[in-house]
Amino acid sequence: MGEERNWAGNVRYRGAVAHPATLDEARALITTGSPVRMLGTRHCFNDIADTTGTLIALDQLPSVFEVTPERDAVRVSGALRYGDIAPRLEAEGLALANLASLPHISVAGAVSTGTHGSGDAIGSLASAVRELTLLTASGELLTLRRGEPRFAGAVVGLGALGAVLELVLDVEPTYQVAQRVFDRPRWDEILGDLDAVTSAGTSVSIFTTWQRTDSADQLWIKQRGAADLAGDLPARLGSVAADAKRHPILGVDAVACTDQGGVPGCGISGCRTSGWSSPRRPVSSCRASTSCRAATPWRHCRRSAGWPTASHRCCW
Ligand SMILES: Cc1cc2nc3c(=O)[nH]c(=O)nc-3n(C[C@H](O)[C@H](O)[C@H](O)COP(=O)(O)OP(=O)(O)OC[C@H]3O[C@@H](n4cnc5c(N)ncnc54)[C@H](O)[C@@H]3O)c2cc1C
C-alpha cells in the first residue's frame with residue numbers, strides 16, 4: 001500500500017505514483033509489462049485510477065494549448081485542468097460549451113469518466129472531444145477522431161486504453177450568462193414535471209440539504225443571454241425569487257458568488273455560479289463554466305487546495 005491518496009482522502013492508492021517528464025519516460029513506464037494506471041487530478045471517489053503497480057501522472061509533461069487556425073477548437077494536454085484552460089480560452093474570446101462543478105479536474109480524467117455539467121441541451125465534457133491522442137500499452141501513439149469507429153468508445157475509456165496525451169476540444173465564441181435564484185421550490189411540483197424544470201434554462205440546479213421534506217432549498221436557473229426563459233415556472237413550483245444573493249449551501253456566505261438576479265455576465269472564464277462545495281471545504285471551489293461578470297471575472301474568491309496557481313481565483 002502506497003502513501004498517496006485521492007483528493008477526498010477516502011482511497012489510499014496501492015501503487016506508487018510516477019511523474020514522467022518526457023514522452024520517452026512515459027513510454028518506458030507504460031511498456032514495462034507491469035500493471036499501470038493513469039492518474040489525473042485524483043478526484044475520483046473510487047479506486048478506478050489505482051493498481052498494484054505504477055500510477056502514471058502526466059502533469060510533468062510539456063503542456064500543450066493550441067487554438068486551431070479556424071478558432072473552433074483547442075488542442076490541450078490531457079493533464080491540463082479546466083481551470084488552466086478556461087481562462088486562456090476566455091483571453092482568446094473563446095469558451096467551452098459546458099464544464100463540470102469545479103476547475104481542478106484534469107481534462108483527460110474528466111473526459112475518461114464521462115464527467116458532465118448540467119443542462120438538458122448541453123453535452124457532457126466528452127462530447128466536446130473531436131480528437132484524442134493515446135499512448136497505448138505497446139508504446140505507440142494512436143490518434144482517433146470523431147466519426148471514426150473506435151472513437152466513441154475510446155473517449156470515455158475509463159483510463160483502460162492507454163494514456164490520453166492530448167485532446168482537441170470544440171470551442172465557441174465566449175458568451176454571456178444570467179442566473180436567477182429561487183427559494184424553496186416544492187418537491188411535488190418539481191417531480192410532477194421534472195423535464196420542465198431541468199429544461200427551464202441553459203443550466204438548472206436544484207440544491208437541497210434535505211432539511212425540509214416539502215421543498216428543496218434553492219432552484220438556480222442559468223440562461224445564456226439576458227432573456228428569462230423560465231417564465232412563470234418558478235411561481236408554479238411555489239418558489240419565490242431570492243431577496244438577496246444566495247450561496248448554493250444554505251448558511252454559507254454568498255460573498256464569493258457571482259451576480260444573480262438575471263444580470264448577464266461574461267461567459268465561460270472558468271467560473272460557474274452554481275458550484276460545488278462541501279461542508280469540509282466551503283467556497284473553496286468554483287464550477288467551471290458560466291456567469292462570471294465581465295468586468296470582474298475572478299473576484300471575491302478564495303483559492304482551494306487544487307487550484308493551479310496563486311494568480312487564479314474562482315467564483316461561484
Ligand atoms: C469535488 C468533486 C466534484 C465533482 N464534480 C463533478 C461534476 O460536477 N460532474 C461530474 O460528472 N463529475 C464530477 N466529479 C467527478 C470527477 O469529475 C471525476 O472523478 C473525474 O474523473 C476527475 O478527473 P481526475 O483527473 O481527477 O481523474 P482521476 O481520479 O485522477 O482518474 C479518474 C480516471 O481517469 C483516468 N485518467 C486520468 N488521467 C488520464 C489520462 N491522462 N489518460 C487516460 N486515463 C486517465 C484514470 O485512470 C481513472 O480511471 C467531481 C468529483 C469531485 C471530487
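Contact here means heavy atoms within 4.5 Å. This is a predicted model, in which local features need pLDDT of at least 70 and side-chain atom pairs count only at pLDDT 80 or more, while totals for chains, interfaces and linings use all residues. Residues are numbered from 1 along each chain as its sequence is written, and side-chain values use heavy atoms, with hydrogens and water left out.

View 1. Start with His-43, which sits in the loop between β2 and β3 (54-57); helices (H or I, at least four residues) and strands (E, at least two) are DSSP runs, numbered from the N terminus. With a relative accessible area of 16%, His-43 is buried. Buried means under 20% relative accessible area, exposed over 50%, and partly exposed in between (1.4 Å probe, protein chains only). Neighbours within four places in sequence aside, His-43 is in contact with Trp-7, Leu-102, His-104 and Ile-105. Its side chain also reaches the backbone oxygen of Thr-41 at 3.0 Å.

**View 2. The shell around the ligand.** Which residues come nearest to the ligand? They are Met-38, Gly-40, His-43, Ser-101 and Ser-106, out of 31 residues around it; a residue is near if one of its heavy atoms lies within 4 Å of the molecule. At Leu-158, a polar backbone atom is 3.1 Å from an oxygen atom of the ligand. The protein covers 93% of the 970 Å² of accessible area that the ligand has on its own (Shrake-Rupley method with a 1.4 Å probe; for residues, only the protein chains shown count as cover). Two or more residues of the shell come from each of β2 (36-39), α3 (107-112) and β9 (163-170), and α3 gives the most, with four. By type, the shell divides into 17 nonpolar, twelve polar and two charged residues. For this tally, Ala, Val, Leu, Ile, Met, Phe, Trp, Tyr, Cys and Pro count as nonpolar, Asp, Glu, Lys and Arg as charged, and the others, Gly among them, as polar.

**View 3. The nonpolar cores.** A nonpolar core is a set of buried Ala, Val, Leu, Ile, Met, Phe, Trp, Tyr and Cys residues joined through side-chain atoms within 4.5 Å. In soluble globular proteins, nonpolar side chains tend to be buried together. The largest core here has 30 residues, and Tyr-82, Ile-85, Val-111, Leu-132, Leu-167 and Leu-169 touch the most other members. At least two of its residues come from each of β5 (73-77), α2 (82-91), α3, β7 (129-135), α4 (151-155) and β9, with α3 giving the most, four residues. Look next at Ile-85: beyond its neighbours within four places in sequence, it is in contact with Phe-65, Val-76, Leu-80, Leu-96, Val-107 and Leu-169. A second, separate core has twelve residues, including Val-197, Val-204, Ala-216 and Leu-233.

View 4. Why is α2 described as largely enclosed by the rest of the structure? Because seven of its ten residues are buried, namely Tyr-82, Gly-83, Asp-84, Ile-85, Ala-86, Pro-87 and Leu-89. These buried residues pack against β4 (65-67), β5, β6 (94-95), α3 and β9. After α2 comes Gly-93, whose phi is positive, near 75 degrees.

**View 5. Asn-6 and its partners.** Asn-6 belongs to the segment before β1 (16-18) and is buried, with a relative accessible area of 4%. Its side chain joins that of Asn-10 through a polar contact of 2.7 Å. A polar contact is a pair of N or O atoms within 3.5 Å; within protein, one must be able to donate a hydrogen and the other to accept it, and residues adjacent in sequence count only if both atoms are side-chain atoms. The side chain of Asn-6 also reaches the backbone oxygen of Cys-44 at 2.9 Å.

View 6. Thr-31 lies in the loop between α1 (23-30) and β2 and is partly exposed, with a relative accessible area of 37%. Thr-31 and Ala-137 are 106 residues apart in sequence, yet 5.9 Å apart in space, C-alpha to C-alpha. The side chain of Thr-31 reaches the backbone oxygen of Arg-27 at 2.7 Å.
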